[in-house]
Amino acid sequence: MRNEIANFKDCKSIAIMGGTFDPIHNGHLVTAEAVRHRFKVDRVVFMPAGQPAHKANKKVTHNEHRYLMTVLATMRNENFEVSRIEIDRPGATYTIDTIEELKKICRPDVRLYFITGADAIHQIMTWKQPERLLTLCDFVAVTRPGYDRAKLFEDIGEIREKYASRIHYMEVPALAISSSDIREREQKGEPIKYLVPQEVEDYIHKFGLYHDDMAKEVKFMLSLETMQEKLQSAISVKRYIHTLGVADEAVKLAEIYGTTQDQQKARVAGLLHDCAKDYPESMRQRFCKEYKVKTDEIMNKQTDLIHPFLGAEVAKREYQVMDEDVLNAIRFHTTGRPNMSLLEKIVFIADYIEPNREKFGGLDEARRLAYLDLDKAMAYILENTIEYVKARGRLLHPLSVEALEYYKNL
Ligand SMILES: [Fe+2]
Ligand SMILES: [Fe+2]
């Protein structure tokens, strides 16, 4: 993480520009510059939002892509900064938490302006701790021309009267540009030039963002048949059957929750998740050393916790899997972790509920939840697993505890 303290600590006034920035566009930049000029703030801090916590939300481009595009877009303006505060915070994002966090690293007398769409002003009273929020910062409601101002002014007036807060209004013509329009144009192959900075356009093209990837094939170096052949000679028959079950179940879950791409990745991650589980101890130690698998104290005592982490490295080197998401799904299939990707959750859950599992208490409920709500299934399985581990006097990995905490509180 960048040292944000060094960048903000001496500023007397800061404007915060929140948003998903999927992608950031010239409308955002023009708005930020206009606010900076009108309110004479020292800095404008762009604050890309984290991943939405609930699957019901529309799919948002990966945090790091959105963050990097924001960095690229703002790099030529010395008064613009980009903060990772929201990106790095797991779970749902509340403005109040962000403002409080910023306050901690700024001068005590800093004046904060929070830039937000006019639509948000109508809903501001439904936000977390609205009264406190309104005392902590000024609000700048920005709109494109043609917005129905009458209702907005009514709301602003009411809030001003009630909370003696400062809400400003600003019309920015460049806000006619919208991120959703840019995504649509990109998908249709229409130009986005001059709507986004050149660097952002280049970045979008380099990574093929915003193209409908529903039908895109994922390329793996080895064919499925080759992977299965290799796998069969590396693990026991029983494990191989389990592995096929996990792959099938993972694909089924991906059919419901994901894209065609996710299904292909789910098949490979399911197949390979236990690829290092039957290694004899000496071999495991040798590979751990060779592949530089970091083990911690708990893993060294509870050695069955090593196979997912080693498995990810084996998948990479022996099975030539390069997809980071697939590797992470293998890596975290036993412990879990907070804020898992769709694929990670799918493989974790499929490992627990695959059809070849012998019946045990909680299996039916886990299966029911898996096809209802992945996050609820995660919480349920983690809780059961932790209980099971404790009952057997085995060591619990802290990642599992953190994961349970995370999924219980969603
Ligand atoms: Fe496993
Ligand atoms: Fe497994």
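Some housekeeping. This is a predicted model, in which local features need pLDDT of at least 70 and side-chain atom pairs count only at pLDDT 80 or more, while totals for chains, interfaces and linings use all residues. Residues are numbered from 1 along each chain as its sequence is written, chains are lettered from A and ligands numbered from 1 in the order in which they are written, and side-chain values use heavy atoms, with hydrogens and water left out.

Back to the cysteines. The structure has zero disulfides, a disulfide being a pair of cysteine sulfur atoms within 2.5 Å. Cys 11 is in none, and the nearest cysteine sulfur, in Cys 106, is 7.2 Å away. Cys 137 counts as buried, at 2% relative accessibility.

Now the overall picture. The protein chain has 20 helices and six strands; these are DSSP runs numbered from the N terminus, helices being H or I with at least four residues and strands E with at least two. Its C-alpha atoms fill a box of roughly 70 × 50 × 40 Å along the principal axes. Of its 410 residues, 50% count as buried. Among contacts between residues at least 6 apart in sequence, 70% join residues at least 24 apart, contact meaning heavy atoms within 4.5 Å.

Next, the metals. Which residues hold the iron ion (ligand 2)? Its protein donors are His 242 (NE2), His 273 (NE2), Asp 274 (OD) and Asp 351 (OD), at 2.2 to 2.3 Å. Donors here are N, O and S atoms within 2.8 Å of the metal, or 3.2 Å for Na, K and Ca, and water is not among the atoms, so sites may look incomplete. Along the chain the spacing of these donors is H-x30-H-D-x76-D.

Why is the arrangement called irregular? Because the four donor atoms subtend angles of 79 to 168°.

The iron ion (ligand 1) is coordinated by Asp 274 (OD), His 307 (NE2) and His 333 (NE2), at 2.1 to 2.3 Å. Asp 274 bridges the iron ion (ligand 1) and the iron ion (ligand 2), which are 3.4 Å apart. As for burial, His 273 has a relative accessible area of 0%, Asp 274 has 2% and His 333 has 3%.

On to packing. The largest nonpolar core has 65 residues, of which Leu 272, Leu 310 and Ile 349 touch the most other members. Such a core is a set of buried Ala, Val, Leu, Ile, Met, Phe, Trp, Tyr and Cys residues joined through side-chain atoms within 4.5 Å. Helix α17 (residues 342-353) gives the most to this core, with eight residues. Another core, of 34 residues, lies apart from it and includes Met 17, Val 35, Tyr 67 and Val 200.

Leu 310 is also touched by Arg 284, along with Tyr 279, Thr 303 and Ile 306, not counting residues up to four places away in sequence. Arg 284 sits in helix α13 (residues 281-290) and is buried, at 13% relative accessible area.

Last, helix α8 (residues 179-188). Its buried residues are Ser 179, Ile 182 and Glu 186. They are on the same side of α8, because they cover an arc of only 60° around the axis, taken from the directions from the helix axis to the C-beta atoms. These residues pack against α2 (26-39) and α9 (198-206). Just after α8, Gly 189 takes a positive phi of about 80°.

Terms used:
Tetrahedral: all angles 85-135°; square planar, octahedral: opposite > 155°, others 65-115°. Buried < 20%, exposed > 50% of the residue type's maximum accessible area, 1.4 Å probe, protein only.
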